[in-house]
Amino acid sequence: MLEPLRRIAAYAVCADSAGRVLLVRASGRSGTPGTWSLPGGAVDHGEDPNHTVVRETAAETGLSVAVSGLDDVLADMRALPERGITIHTDRLIYKVSVRGGTLTDRVDRPTDLARWFTLAEARELPLRSFTARALGLPAPSADVVPDEVPEFPSFYAVPGPDGLHRAQRFAAYAVATDPDGRVLLTRVADGYPGAGRWHLPGGGTDYGEQPGAALIRELVEETGQRGRLVELLGVASHRDAASLGPEGYPIDWHGVRAFYRVVVDQPAPPTVSDVGGSTCEARWFAREELGALPTDRLTEVTAEAVQAARLT
């Protein structure tokens, strides 16, 4: 059995004035030596993914970049039998532009080369699957995918360097509206962080699950509504250095949450089927009702997402 691991990572889609894209090659120190991918890497605990993509691109290529927008969010699994692990990675793909620097190769690091390629040239390279998808290229996957999805806890906290437990979690949430323009919100149950506040429907994604599929599943479980994805609105990153939930002890919590516009074409009276969980109520709000809610009645991610969707 391979040990399941999970991480969040951020990557850069960077094109120059000639339309070439920036790629990096995995070295012999990586799990897929010789393959090419977008520059980027793991999001550190508490780090905003916007900062991750700038930091990792500079480290792997020698170039300083500026983030211009979020392009996509996707997830994948790959098995590394030689290391005895299977990794699920939630990948945030950003569009960036170069501010300066000099293209640099690295020695004795997980990536060793950085180069510019036309899309036609990139098509002929052994590309990581997420890179091919981000560039719109059909390419055979260089990743080994496990035959079965391993069991992995939905909540996983580990001791940090200071002795306080840490948890980093990726989640997907819906800014859900109906044909009348009403907005669907859920209320956080007692005993959970943000208790009593109104929150977006959604939640943590399962191991091996794509964000969009997780969101539609959570929407049914938390509200009884069936919706369709319309667009990716953004990603929010929030850290609570000593969150207190049903575990009963402080946790240094870092949540990275993708939020999507969702349309519920045939709304129904909201029902919460996951009784005893973090959601105690679901309700449709008219736009004017939502606008009248005090900021402290909304969770951080809800306030941010509602603003991004221009609903208030």
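Predicted model: local features only at pLDDT ≥ 70, side-chain atom pairs only at ≥ 80, totals over all residues.
## Helix H1

Helix H1 comprises 13 residues, 49–61, and spans 18 Å from its first C-alpha to its last, close to the 18 Å expected at 1.5 Å a residue.

The buried residues in H1 are Pro 49, Thr 52, Val 53, Glu 56, Thr 57, Glu 60 and Thr 61. Because these residues cover an arc of only 120° around the axis, they lie on the same side of H1.

## Domain arrangement

The domain assignment divides the chain into domain 1 (3–135) and domain 2 (158–309). The centres of domain 1 and domain 2, taken over C-alpha atoms, are separated by 29 Å.

Contact between the two involves 24 residues of domain 1 and 23 residues of domain 2. Between them, domain 1 and domain 2 bury about 1,700 Å², of which 63% is on carbon and sulfur atoms.

Arg 128 is located in the loop between helix H2 (119–123) and helix H3 (129–135). Its relative accessibility is 7%, and Arg 128 therefore counts as buried, the cut-off being under 20%.

When neighbours within four places in sequence are left aside, the residues in contact with Arg 128 are Thr 32, Thr 35, Trp 36, Ser 37, Arg 78, Arg 91 and Asp 143.

Key
Residues numbered from 1 in each chain as written. Heavy atoms only, no water. Helix = DSSP H or I, 4+ residues; strand = E, 2+ residues; numbered from the N terminus. Expected span 1.5 Å × (residues − 1). Buried < 20%, exposed > 50% of the residue type's maximum accessible area, 1.4 Å probe, protein only. Arc of directions from axis to C-beta. Domains from an automatic or database assignment. Contact = heavy atoms within 4.5 Å. Buried area = accessible area lost by both parts, 1.4 Å probe.
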